[in-house]
Amino acid sequence: MNTWQTWLTLIGMGAVTFAIRMSFILLPPDIRVPLLLKRALAYVAAAVLPALIAPDVLLRGTVTMTVGSWGFDAMRLFAALLAAAVAWKTRSVFATLATGLGALLVMRHWMLA
Amino acid sequence: MDSPRSAFLAGARDQAPGVIGNIPFGLITGAAATAAGLDPLLAIAMSILTFAGAAQLVAIQLLADGAPALLIITAVAVVNLRMMMYSAAVAPLFATLSLRWKCVIGYLLTDHAFALTLARFGDGDAAAQPHRRWYYLGAGSLMWLVWQISVAVGALIGLKVPASWSLEFLIPLMFIALVAPALATRAHLAAAGTAAAVSLAAVSLPLKSGLLLAALAGVLGGLLVERFSRDPEVAAGP
């Protein structure tokens, strides 16, 4: 992608994001939104983010564990699960990042030592 | 909150913890852009145009992979689709404002602004809160300013640490911190589990279509569990 193509991509990203944000804010109040759509939207965040997390955690690192034909990075998995528990309990971004990265580095060090 | 000024300051103050928590997110996003070979100017422009961290990170990864523009924009739309729910939630609070105000409110709408505004005004009486747009503006503009600075600093300085520190692992960790508050019910957990499983199974599909497929499957999983759940808390819904 050359520079102006990248610029067009960025402008497209901005436009589609703004359109999503404005969607219901601009909708006239007398238009009723289907209940099913509203209920479905409630699950979008819970679905999209784990869909981004799972391959990144399991399939990007070095394979240390195999299940059938699948190879996983078990250390990244454990670190992510620990971080998820901390995120759930504390709701703190700093605590989540520190726990996850700390656990991964400690496990790496321990495994390699 | 008896004047626009005090409402603005109250919003900024209430948003401060979330803003501080977002600083590492912004630094990582900026640094990831530079590491992916993106010009810092483009990283900053992307940040101002989209103002959406998770989508920016996904777009940076796709740009680095040489993905076509249409695919990147589609992926950004999928990642940001959750904001449609936020838009629906805050819309009644600001229904009477001018178009210009609505555009500002829309542009500043984030996970944090949504959560804060709903917690503060969700079940309140509109007439009793004449300055709530200023409260929202205070919260949103502080978040905006600190986010843009963090991304710019991250992009200009980069992360000059050895690869063995695995700092790229901060990206999924950031998403974990972002999603944890959303997993409030059994149905939300089902949505998360389904989407994660489908995205793993579909990871080799072309054009990142696995992300869209996983999102659809997750939403469907959530709806199904909600439909058939005997848990009264889930059945009643929020």
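How many residues does helix α10 of chain B have, and how far does the helix reach from its first C-alpha to its last? The legends below take this up, along with the contact between the chains. This is a predicted model in which local features need pLDDT of at least 70 and side-chain atom pairs count only at pLDDT 80 or more, while totals for chains, interfaces and linings use all residues. Residues are numbered from 1 along each chain as its sequence is written, with chains lettered from A and ligands numbered from 1 in the order in which they are written.

**View 1. Helix α10 of chain B (186–201).** Helices here are DSSP runs of H or I, at least four residues, numbered from the N terminus. Among the buried residues of α10(B) are B:H188, B:T194 and B:V198; buried means that 20 or more other C-beta atoms, placed from the backbone, lie within 10 Å of the residue's own.

**View 2. Helix α8 of chain B (132–157) and what follows.** With 26 residues, α8(B) should span 38 Å, and its end C-alpha atoms are 37 Å apart, which agrees. Next comes B:G158, whose phi is positive, near 70°.

**View 3. The contact between chains A and B.** Chain A gives 60 residues and chain B gives 68 residues (in contact: C-beta atoms, placed from the backbone, within 7 Å). On the side of chain A that touches chain B, α1(A) brings the largest share, 19 residues.

Key. Two residues are in contact if their C-beta atoms, placed from the backbone, lie within 7 Å. Helices (H or I, at least four residues) and strands (E, at least two) are DSSP runs, numbered from the N terminus. The expected span of a helix is 1.5 Å times one less than its number of residues. A residue is buried if 20 or more other C-beta atoms lie within 10 Å of its own, exposed if 12 or fewer, and partly exposed in between; C-beta atoms are placed from the backbone.
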